[in-house]
Amino acid sequence: MSHESSSIIPCTGPLSRRGFMRIGLTAFASLSWPGLLRLRAENALKSPQEKTAIIMVWLPGGLSHVDSYDPKPDIGSEYRGPFKPISTKVPGMQITELMPLHAKIADKFTILRSMNQKAGGHPAGSMQMLSGDSDERDKPKPKLPDWMSVANYLRSKGVKRTNPLPNYVGVNPPLEYNGPAYLGDGYSPFAVMDDPNRPNFEVPNIGLADPSESRRLNDRVALRQSLDTLERGFDREGELGALDQFEAQAMTLLTNPRTRDAFDLSKEDPRTRDRYGRNRWGQQLLLARRLVEAGVDIITSSLSGPLCGRVQNWDDHAVNQHQFEALRFRMPNYDRAVTALIEDIYARGLDKRVLVVVTGEFGRTPKISFDRSTGAGDASGPAGSRQPGRDHWCCAFSQLWAGGGIQTGGVIGATDKRGEDVIERACWPGDFLATIYHHLGIDASKITINDLNGRPTALVNDGRPIAELMGRAG
């Protein structure tokens with residue numbers, strides 16, 4: 001199978017010769033792994049060819065915008081939740097009291113309040129946002145590759161990667177309604193599904209510490225290569241060559257000690273781990289920061305699981321869980337983890353190279369609904385009790401953007417007085433995707449990829465980068 005695209009930004013090494021010479025051989029030898037990562041990040045600011053990167057924080061089910069980034073305190077009781085608006089460090093910008101840490105660093109992010117799309121279901125909504133599929137109907141699997149797989153494919157094509165880490169890593173990534181589709185599983189994420197907050201957390205099968213294990217593995221690979229020679233005559237589409245590339249990457253992950261170091265959260269200062277929060281979400285985003293410093297281009301992290309409440313996601317229908325108790329339960333951890341990540345992106349010199357975006361597939365209805373609880377649990381009343389919720393709402397929702405060289409400390413777009421519809425600077429999934437591709441140096445208006453039938457498929461239909469979020473690459 002072959003895919004075609006135009007050229008993309010070339011890959012450069014993690015540390016320039018000038019950067020290396022600046023610190024000297026003796027100093028270089030004495031640097032710790034965190035020191036090397038910090039030097040690499042600082043050097044990125046001096047190298048115009050340094051590859052950009054993205055961390056996407058995914059909120060499956062959708063965060064209620066009127067209870068978070070787009071408060072509407074003057075609407076009626078059938079709409080208004082219990083959370084009061086609070087002022088932020090940016091004059092005129094208000095968010096709800098659920099996010100006091102956000103309020104303190106509002107100058108370091110931009111709120112987009114005017115995102116909308118046309119699919120009301122989780123599958124179709126996720127596919128619209130992540131792959132640009134305009135079909136409003138839910139389907140069991142995506143027909144188009146998500147932007148992460150596309151970027152991984154384009155950045156892998158024709159480039160010899162010197163970094164032992166993969167281009168694309170998912171730390172508890174969104175996987176249910178997205179994927180590489182016709183690009184093939186080789187462009188899926190290297191997925192870390194375990195809880196990074198566990199005391200014995202370890203990513204299996206990376207950075208083998210025992211040299212004898214590496215030697216035995218190399219012997220097996222040599223045998224495999226001999227057997228593969230017999231199959232070359234049947235390789236008409238060059239797919240064995242692609243397989244070799246993926247196997248080489250897997251071997252590097254297995255044997256290079258740098259890979260183990262990048263995933264090792266014990267190397268972080270305990271105070272840093274505390275600042276992110278000693279829980280799964282906090283340590284996921286800390287790991288994302290470590291990986292982007294180590295040279296990973298694309299990182300996704302889904303904030304889901306027990307920290308969300310009884311149904312383990314943000315799908316706050318009244319039948320699932322008590323909307324407002326669920327937010328009270330989860331938002332302190334969300335507030336801490338997201339703000340720690342954004343603060344670190346700036347403090348560690350990553351804010352020009354690394355773009356952070358926080359989003360879900362849609363928002364929640366501004367109008368409150370009521371239903372009977374189906375079962376007790378975190379953020380849910382006793383079975384049969386009447387409780388409030390908010391349902392799916394694709395007509396208007398908010399996103400958070402930081403880093404990426406963008407202008408921060410502001411708000412883009414607006415919704416009406418109830419938060420039901422966009423009334424200013426409407427943005428669509430195609431605009432969202434084009435903005436992400438732009439940051440990665442990919443011109444989505446010019447590049448196509450062939451599908452399984454050989455038809456050229458555009459990366460984005462009817463979308464262009466959001467000018468206010470184009471940052472340095474613009």
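In this predicted model, Val-169 has Phe-190 of strand E6 as its bridge partner, and this pairing belongs to the contact between E6 and strand E5 (residues 168-171), two strands that run parallel and are joined by 3 bridges. Helix H4 (residues 122-131) packs on the sheet, where it touches strands E1 (53-58), E4 (110-115), E8 (354-359) and E13 (397-403), with its direction at about 165° to that of E1. Helix H10 (residues 280-293) also packs on the sheet, touching E1, E5, strand E7 (298-302) and E8, and its direction makes about 180° with that of E7.

The sheet itself is open and has 8 strands in the order E6-E5-E7-E1-E8-E13-E4-E14, with mixed pairing. Strands E6 (190-192) and E14 (410-412) stand at its edges and have a single partner strand each, so one side of each is left without a neighbour in the sheet.

Turning to charged side chains, a search of the whole structure finds 29 salt bridges. In one of them, the side chains of Lys-51 and Asp-297 meet at 2.7 Å, N to O, linking the loop between helix H2 (33-44) and E1 to the loop between H10 and E7, 246 residues apart; Lys-51 and Asp-297 are both buried.

Arg-330 forms a salt bridge with Asp-316, with the closest N and O atoms 2.9 Å apart. Arg-330 lies in helix H11 (residues 323-347) and Asp-316 in the loop between E7 and H11, so the pair ties together parts that are 14 residues apart in sequence. Arg-330 counts as buried because its relative accessible area is 0%, and Asp-316 is likewise buried at 2%.

Terms used: Residues numbered from 1 in each chain as written. Predicted model: local features only at pLDDT ≥ 70, side-chain atom pairs only at ≥ 80, totals over all residues. Heavy atoms only, no water. Pairing = 2+ DSSP bridges. Helix = DSSP H or I, 4+ residues; strand = E, 2+ residues; numbered from the N terminus. Contact = heavy atoms within 4.5 Å. Axes fitted to C-alpha atoms, helices over the stretch in contact; angles between N-to-C directions. Salt bridge = Lys/Arg side-chain N within 4 Å of Asp/Glu carboxyl O. Buried < 20%, exposed > 50% of the residue type's maximum accessible area, 1.4 Å probe, protein only.
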